[in-house]
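The sequence and structure come first.

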Amino acid sequence: MGNSKVALNRMLTVLVAILVWGYSMNVAADSEPGQVANATTQNSVSPQTSERHVVEFIRDRNYACTQCHKDEQDTLKGTHGDAIHTSANRNVSCVDCHGTISDEHRNGAPTVIKFAPSQSVAGTTKPAADPRWIAQQNETCVNCHDPHDLREVNWTHDVHALDLSCASCHNVHPEQDPMKGISKSSKIKLCVDCHSDQKKAK
């Protein structure tokens, strides 16, 4: 009877030792985040390989754009360069404002939102633009720039919202926006020059 108790005791000890060893190996694998992080950032980990660690790469959203638009690579400066997208809570990227590209991108980019000085009434230097195109440009801007805040900054935002594109006065890729810090006399000159130009065209 004594020998059977000793044998049973040894078997239980070995079993407990194996269970503790297996558990410690599992914990050790999970407790080396530096090595795991370095390995997973180099190679994609698929859900089939591991159910615990799934790595999703966040690529540079502007990379595809700047491969062709090389001159635009460093132009997202100023406020837009430092801005955090209000709904996505990340830096603003090309597609946030210009929309997504299509297969027809090399044939005039018909689905991309373009920003340009445009007005509903023709002037001598600016031709009249379709109000729907002006609205599309401005709608993109007011997705982030709240109309109430714009109204508070300057009453002209309300007056021109349907007849003048934001890009007529502001730069989309500004190192410094021409309207920031503009003097009162320069603002008046801008208004007079633009409205005089429209009257001449009539």
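A residue counts as buried under 20% relative accessible area, as exposed over 50%, and as partly exposed in between. Leu19 has a relative accessible area of 58%, so Leu19 is exposed, 58% being over the 50% cut-off. The model discussed here is a predicted one.

Leu19 is found in helix α1, which covers residues 2–30. On the surface, Leu19 forms a nonpolar patch with Leu8, Leu12 and Leu15. Together these four leucines have about 410 Å² of accessible area.

## Overall architecture

The chain contains nine helices and zero strands. Its pattern along the sequence is accordingly written α-α-α-α-α-α-α-α-α.

Of the 202 residues in the chain, 15% count as buried. The chain exposes about 15,400 Å², with carbon and sulfur atoms supplying 58% of that area. Taking contacts between residues at least 6 apart in sequence, 48% join residues at least 24 apart.

## Confidence

The average pLDDT of the chain is 75, and 71% of the residues score at least 70. Confidence is lowest in helix α2 (residues 33–42), where the mean is 44, and highest in α6, at 90.

Over residues 32–47, pLDDT stays under 50. For this stretch the model has twelve contacts beyond four places in sequence. Where pLDDT is low, the predicted coordinates should not be read in detail.

Helix α6 spans residues 131–142 and includes Gln137. The relative accessible area of Gln137 is 1%; Gln137 is therefore buried, since 1% is under the 20% cut-off.

Which residues is Gln137 in contact with, leaving aside its neighbours within four places in sequence? They are Lys114, Phe115, Ala116, Ser118, Ser165 and Ala167.

## Cysteines

A disulfide is a covalent bond between the sulfur atoms of two cysteines. A search of the whole structure finds zero disulfides. Cys194 is in no disulfide: the nearest cysteine sulfur, that of Cys169, is 7.2 Å away, and the pair does not qualify because the cut-off is 2.5 Å.

Cys194 has 22% relative accessibility, and Cys94 also has 22%.

Notes:
Residues numbered from 1 in each chain as written. Predicted model: local features only at pLDDT ≥ 70, side-chain atom pairs only at ≥ 80, totals over all residues. Heavy atoms only, no water. Patch = residues over 30% accessible without salt bridge, like charges linked within 9 Å, V, L, I, M, F, W, Y side chains within 5 Å. Areas by Shrake-Rupley, 256 points an atom, 1.4 Å probe, with all protein chains shown as cover. Salt bridge = Lys/Arg side-chain N within 4 Å of Asp/Glu carboxyl O. Helix = DSSP H or I, 4+ residues; strand = E, 2+ residues; numbered from the N terminus. Buried < 20%, exposed > 50% of the residue type's maximum accessible area, 1.4 Å probe, protein only. Contact = heavy atoms within 4.5 Å. pLDDT = per-residue confidence, 0-100.
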